[in-house]
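The entries follow the order in which I checked things.

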Amino acid sequence: MDDRTELDRSLGFAILEQHARGRLVRLGPVLDEILSAHAYPPVIERLLAEALALTALLGSTLKNETGQMTLQAQTEGGPISLLVCDYKDSELRGYVQFDAERLAQMPADPTLFALFGKGYLAITFDQALTGERYQGIVPLEGASLAEAAQSYFAQSEQIPGLVRLAHRRDADGRVIAGGMLLQHLPEGEEGRDRLHTRLDHPEWQHVEALGRTIKDEELVDPALPMETLVWRLFHDEKEVRVLGGATLTRGCRCNREHILSVLSRFPVEEQENMADADGLIRVDCAFCSISHPIRLADLQPAA
């Protein structure tokens, strides 16, 4: 089997009798494309790889392709000033802005607090079809990004959840990241109490205990089919239903048409103030590290 078929995809599943659902993702070439835009040091590479895996996990829960999910870390005091990733129509992009000098003074494996200082994780879902927008913000606490994401589910979603994220470079230098998200359904069978109003969740405790047995090497092993991984974890359950998934790609919306559309909304005077002496507005994309020169003549109609 070509192990590349198990990279850059997501897979959903449901454990029906336990009223739980889950999702797996594994990223490979998509990560290489995103990371190649910037010469990130290993610490930042790992953080962004895991953040992109988390973004894929959350984004792939959107019910329609036109929706967008954005993950952003807002920070104070750490060498990282910005981390942002988003997901739209199975496309991922991400970027980290950081102070290289301050980062170089830190140990090889700094804590989450050391990287971000007093930070907050904002997760935003935009449903384009309905116009609905939902955002949850939680402190960036815990030992890892996965723990911070679990706090989001506990505080914002008010449902139990388990998040696992992993990252590695293989023997060929390729970056691979994987993740798993498990959630107890907000409501189970008809007539049950809403889960967050109960003090105990015996069904969830069972599912969570099984989920915690997953190993990092399983999450990032491209030779291990995701369906096999689901079976390993939950083969003793009465029924586990695979819900399908998606092929994931790198996507950046900084194409010329989009940039022209955005710039054309500015008044002519502001467009002229943005331009340099050559009559060019240079738009730099932080995500893909490409500069797009736009001529004023292309924005302003001929006299």
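Entry 1. I noted that the model is predicted. I looked up the aromatic pairs and found 3 in the structure.

Entry 2. I took the pair of Phe-13 and Phe-234 and read 5.8 Å centre to centre with 40° between the planes, a tilted pair. I placed Phe-13 in strand β1 (residues 9-15) and Phe-234 in helix α8 (residues 226-234). The two are 221 residues apart, and the pair links distant parts of the chain.

Entry 3. I checked burial for both rings. Phe-13 has a relative accessible area of 0% and is buried. Phe-234 is at 1% relative accessibility, so I count Phe-234 as buried.

Entry 4. I turned to Tyr-40 and Phe-98, whose ring centres are 6.4 Å apart with the planes at 40°, so this pair is tilted. Tyr-40 sits in the loop between α1 (29-35) and α2 (42-59), while Phe-98 belongs to strand β5 (residues 91-98), so the pair ties together parts 58 residues apart in sequence.

Entry 5. Are Tyr-40 and Phe-98 buried or partly exposed? I found Tyr-40 buried at 10% relative accessibility, whereas Phe-98 is partly exposed at 25%.

Entry 6. I went back to α8 and listed Met-226, Leu-229, Val-230, Leu-233 and Phe-234 as buried. These residues cover an arc of only 110° around the axis, so they lie on the same side of α8.

Entry 7. I asked what covers the buried residues of α8. The cover includes strands β1, β2 (20-27), β9 (175-184) and β10 (240-247), along with helices α6 (202-211) and α7 (216-219).

Note on methods
Residues are numbered from 1 along each chain as its sequence is written. This is a predicted model: local features need pLDDT of at least 70, side-chain atom pairs count only at pLDDT 80 or more; totals for chains, interfaces and linings use all residues. Side-chain values use heavy atoms; hydrogens and water are left out. Rings of Phe, Tyr and Trp (its six-membered ring) pair if their centres lie within 6.5 Å; planes under 30 degrees apart count as stacked, over 60 as edge-to-face and the rest as tilted. Helices (H or I, at least four residues) and strands (E, at least two) are DSSP runs, numbered from the N terminus. Buried means under 20% relative accessible area, exposed over 50%, partly exposed in between (1.4 Å probe, protein chains only). The arc is that of the directions from the helix axis to the C-beta atoms. Contact means heavy atoms within 4.5 Å.
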